[in-house]
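Work through the following exercises with the sequence and the model at hand. Each task is followed by a solution in steps.

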There are 2 protein chains.
Amino acid sequence: MTIAEVSRKYELSADTLRYYERIGLIPSVGRTESGIRNYTDADCQWIELAKCMRSAGVQIDALVRYVALFQQGEDTFDERKQILVDQRERLREHIADMQAALDRLNHKIARYENVVEPVENDLCHICKK
Amino acid sequence: MTIAEVSRKYELSADTLRYYERIGLIPSVGRTESGIRNYTDADCQWIELAKCMRSAGVQIDALVRYVALFQQGEDTFDERKQILVDQRERLREHIADMQAALDRLNHKIARYENVVEPVENDLCHICKK
DNA sequence: ATAGACCCTTGAGTGGACTCTAAGTCAAGT
DNA sequence: ACTTGACTTAGAGTCCACTCAAGGGTCTAT
């Protein structure tokens, strides 16, 4: 697969794909004799993983470390797992923050819709609390 | 309340508090005769709101627009509500992305723990899929 | 064999959100 | 009166994650 095809498939710009490879967020992609990138299915799986993690806000740094360890082989097993566990925890915390903000937005929108009785209006002014 | 007290209370640096005020993410704070910020409870509510929304990744831009409209008064009601509704939608999408990444991390960690039977190992290599 | 579309690398530029610096003011304590 | 430390502003600097530009090579169709 060419970079343009992969770019369309995953909706990541060719620039971004090259950037991800350059910094090691995905392992380096094989080339044709003339030096043009030729993405394999395995490359695509790495890209999909990267896209999923990045869209969730997992830092590039952690993913780069993971990929580097992965390429070093079996004896990095524990370290790799630890990265995943750490990032899972970060993600859980972030989801909780977002849920709190979502609850708050729902509350505020309800006020705007007069769905919630304005019992403690003194704190609200549609709506800081 | 001084900026140092507010900074401690909300765990935001004094620089960040001044920055938020400067860009209009919170309405401007009153000063003492000598020009020092004196935060009221209402100011603190704005800060808490800003902190909550920012920690969930709501863009500063949207919050600035909301605050500006809020200060313009009643006839911006609909526009303000629309901002909230839009941001709620963005937040929901983002939570879905994060949930997908979390599911994937859980799956990968389970592989690392040999909890999941390695049935389709050819795609996994602990673990791209 | 030449146009036009696509690809390459290196390195610089951008935008968002802070974060820090410089130069100065002010209040409290000694 | 002087030091100390927290406050002020305007503006510059930093970090992250891209994104673009320059200058060039490659592929395909006519």
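**Exercise 1.** Find which residue of chain B comes closest to the rotation axis, and characterise the rotation.

Step 1. By C-alpha position, I95(B) is the residue of chain B that comes closest to the axis, at 3.2 Å.
Step 2. Chain B is superposed on chain A by a rotation of 180° with 0.0 Å of shift along the axis, and the RMSD is 0.0 Å. The superposition is by least squares on the C-alpha atoms of residues with pLDDT of at least 70 in both copies.
Step 3. The two copies are thus related as by a two-fold rotation axis.
Step 4. The same surface serves both copies, since 97% of the contact residues of chain B recur in chain A.

The model is predicted: local features need pLDDT of at least 70, side-chain atom pairs count only at pLDDT 80 or more, and totals for chains, interfaces and linings use all residues. Residues are numbered from 1 along each chain as its sequence is written, while chains are lettered from A and ligands numbered from 1 in the order in which they are written.

**Exercise 2.** Describe the side of chain B that touches chain A by helix and by class.

Step 1. Count the contacts (C-beta atoms, placed from the backbone, within 7 Å): 32 residues of chain B are in contact with 31 residues of chain A.
Step 2. Assign them to helices (DSSP runs of H or I, at least four residues, numbered from the N terminus). Helix 3 (41-55) and helix 5 (77-112) of chain B each supply at least two residues.
Step 3. Helix 5 of chain B gives the most, with 21 residues.
Step 4. Sort by class (Ala, Val, Leu, Ile, Met, Phe, Trp, Tyr, Cys and Pro are nonpolar; Asp, Glu, Lys and Arg are charged; the others, Gly among them, are polar). This side has 17 nonpolar, seven polar and eight charged residues.

Key
Two residues are in contact if their C-beta atoms, placed from the backbone, lie within 7 Å.
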